Amino acid sequence: MEQLMRNFFLFLANNKKLTKAAKRYGLRFGARRFVAGETIAEAVEVIRKLNAEGFSVTIDHLGEFVDTEKEANEMADHCIEAIHAISDHGLDSQLSLKLTSMGMDISDDLVFRNMRRVLDTAKERGVFVTIDMEDSGRCQKTLDIFTELKKEYDNVGTVIQAYLYRSLDDLDALNAYSPNLRLVKGAYKEPETVAFPNKRDVDENYKKMIKKHLMNGNYTAIATHDDAIIEYTKNLVKELNIPKDQFEFQMLYGIRPERQKEIVKEGYKMRIYVPYGSDWYGYFMRRLAERPANVAFVLKGIFGK
Ligand SMILES: Cc1cc2nc3c(=O)[nH]c(=O)nc-3n(C[C@H](O)[C@H](O)[C@H](O)COP(=O)(O)OP(=O)(O)OC[C@H]3O[C@@H](n4cnc5c(N)ncnc54)[C@H](O)[C@@H]3O)c2cc1C
């Protein structure tokens, strides 16, 4: 049943007509729990509150189905607007983006042009940019673009997914760049040919990756809501004497907010991934797919308490 629900929400997430309709009807249906708003001004207010509560942030301007050069350029413009807002308002926030939204599927020239525009502004304003990782078919290309950019920019990092068989090797290959990486379990529907089908194997691989990246002396963001992984990391950093400024935890906006607060209270750095933008629908459906229990929050949003 759970798998059925998951597939259903992933199907809805990829539906272009529904995405259009959602844009028209605004942030309803409980999405506001997971999305900061439709505009950068709304996102700034959310970040301000999170910063006041002791959280760092990374913001993400949501965008799905970028099919044309014009759309990719507009997405890059939104990123630049967000960087200006972070710096003008003195916010403790980084930026996250997806290479497909910068034009990766359209042309190499376009994606590099947009990434350099974003990274130049980010560098000037002292903002760090993380390239989110998408589906496995785009993994190698994302890493190739990342390593090219890393030769020119210090303020860029990316993401490695524990569900892929290749990921420990990727950490070895990337180590030469001393990269600041976000480590995650992985959010896409992947075939067994490339990804561990069982959760237990994903979790074991995740632990190995955390240990490897920390022991290599690299900055590590552990982006998970999983208490077992968080406990593992806490024990590991104690055992290995890893300083607190070499790692951080990350969680998504609206997911386990009480746990997020506890981790800050315990003295760890916690960064919240805050998505915003009118194109919120696909992101929202993927969060529901991850945990159909969240549907309860949505129903409350529609029908009241
Ligand atoms: C900051 C951040 C950035 C990310 N960036 C990427 C990326 O670039 N590429 C990518 O592929 N994936 C990314 N992800 C998603 C990630 O890969 C996982 O899909 C997602 O985090 C769920 O896995 P988990 O580690 O929380 O563990 P899970 O095993 O899925 O969950 C562990 C526990 O956390 C709680 N939980 C998990 N999800 C939810 C939820 N939606 N609602 C309520 N409770 C929940 C539940 O209690 C669950 O039992 C990111 C995640 C975070 C937190």
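## Strands β5 to β7 and their crossovers

In this predicted model, strand β5, helix α8 (residues 199–215) and strand β6 form a β-α-β unit that is right-handed. From β6 the chain then passes through α9 to β7, and this β-α-β crossover is right-handed. Strand β5 (residues 181–184) runs parallel to β6 and is joined to β6 by three bridges, with A221 of β6 as the bridge partner of R182. On the other pairing, β6 and β7 are parallel over four bridges, and Q250 in β7 is the bridge partner of A223.

Within β6, T220 and I222 point one way while A221 and A223 point the other way, and all are buried. In a regular strand, side chains alternate between the two faces of the sheet.

## The closed barrel

Eight strands close into a barrel, in the order β1-β2-β3-β4-β5-β6-β7-β8, and their pairing is parallel. From one strand to the next, the twist averages 30 degrees. Strand β1 (residues 56–61) pairs with strand β8 (residues 270–276) in the parallel sense over six bridges, and R271 in β8 is the bridge partner of S56.

## Helices lying across the strands

Helix α9 (residues 227–240) lies across β6 (220–223) and β7 (247–252), and runs at about 170 degrees to β7. Helix α10 (residues 257–265) lies across β7 and β8, and runs at about 165 degrees to β7.

Helix α11 (residues 281–290) is mostly covered, with nine of its ten residues buried.

## Helix pairs

Two packed helices are described by the angle between their axes and by the distance between those axes. The axes of α4 and helix α5 (residues 108–125) come within 9 Å and cross at roughly 5 degrees, which makes α4 roughly parallel to α5. On the α4 side, the residues that meet α5 are E69, A72, N73, A76, D77, C79, I80, I83, H84, S87 and D88; their counterparts in α5 are L110, R113, N114, R117, V118, T121, A122 and R125. An α-helix has 3.6 residues a turn, so residues three or four places apart point the same way.

For helix α7 (residues 167–174) and α8, the axes come within 10 Å and cross at roughly 10 degrees, and these two helices are therefore roughly parallel to each other. In this pair, S167, L168, L171 and D172 of α7 meet N205, K208, M209, K212 and H213 of α8.

In soluble globular proteins, nonpolar side chains tend to be buried together. The largest nonpolar core of this model has 78 residues, and those with the most contacts inside this core are I59, L95, L97, M102, M115, V118 and V274. Helix α4 (residues 69–88) gives the most to this core, contributing nine residues. A second, separate core has 18 residues, including F9, L62, I255 and L288.

V274 lies in strand β8, and, leaving aside residues up to four places away in sequence, V274 touches A36, V46, L50, V57, T58, I59, D60 and Y253. V118, which is also among the residues with the most contacts inside the largest core, is one of the α5 residues that meet α4.

Note on methods: Residues are numbered from 1 along each chain as its sequence is written. This is a predicted model: local features need pLDDT of at least 70, side-chain atom pairs count only at pLDDT 80 or more; totals for chains, interfaces and linings use all residues. Side-chain values use heavy atoms; hydrogens and water are left out. A nonpolar core is a set of buried Ala, Val, Leu, Ile, Met, Phe, Trp, Tyr and Cys residues joined through side-chain atoms within 4.5 Å. Buried means under 20% relative accessible area, exposed over 50%, partly exposed in between (1.4 Å probe, protein chains only). Contact means heavy atoms within 4.5 Å. Two strands pair if DSSP finds at least two bridges between them. Axes are lines fitted to C-alpha atoms, for helices over the stretch in contact, and angles run from 0 to 180 degrees between N-to-C directions. A crossover is right-handed if, with the strands pointing away from the viewer, the path from the first strand over the helix to the second runs clockwise. Angles under 35 degrees count as roughly parallel, over 145 as roughly antiparallel, 65 to 115 as roughly perpendicular and the rest as oblique.
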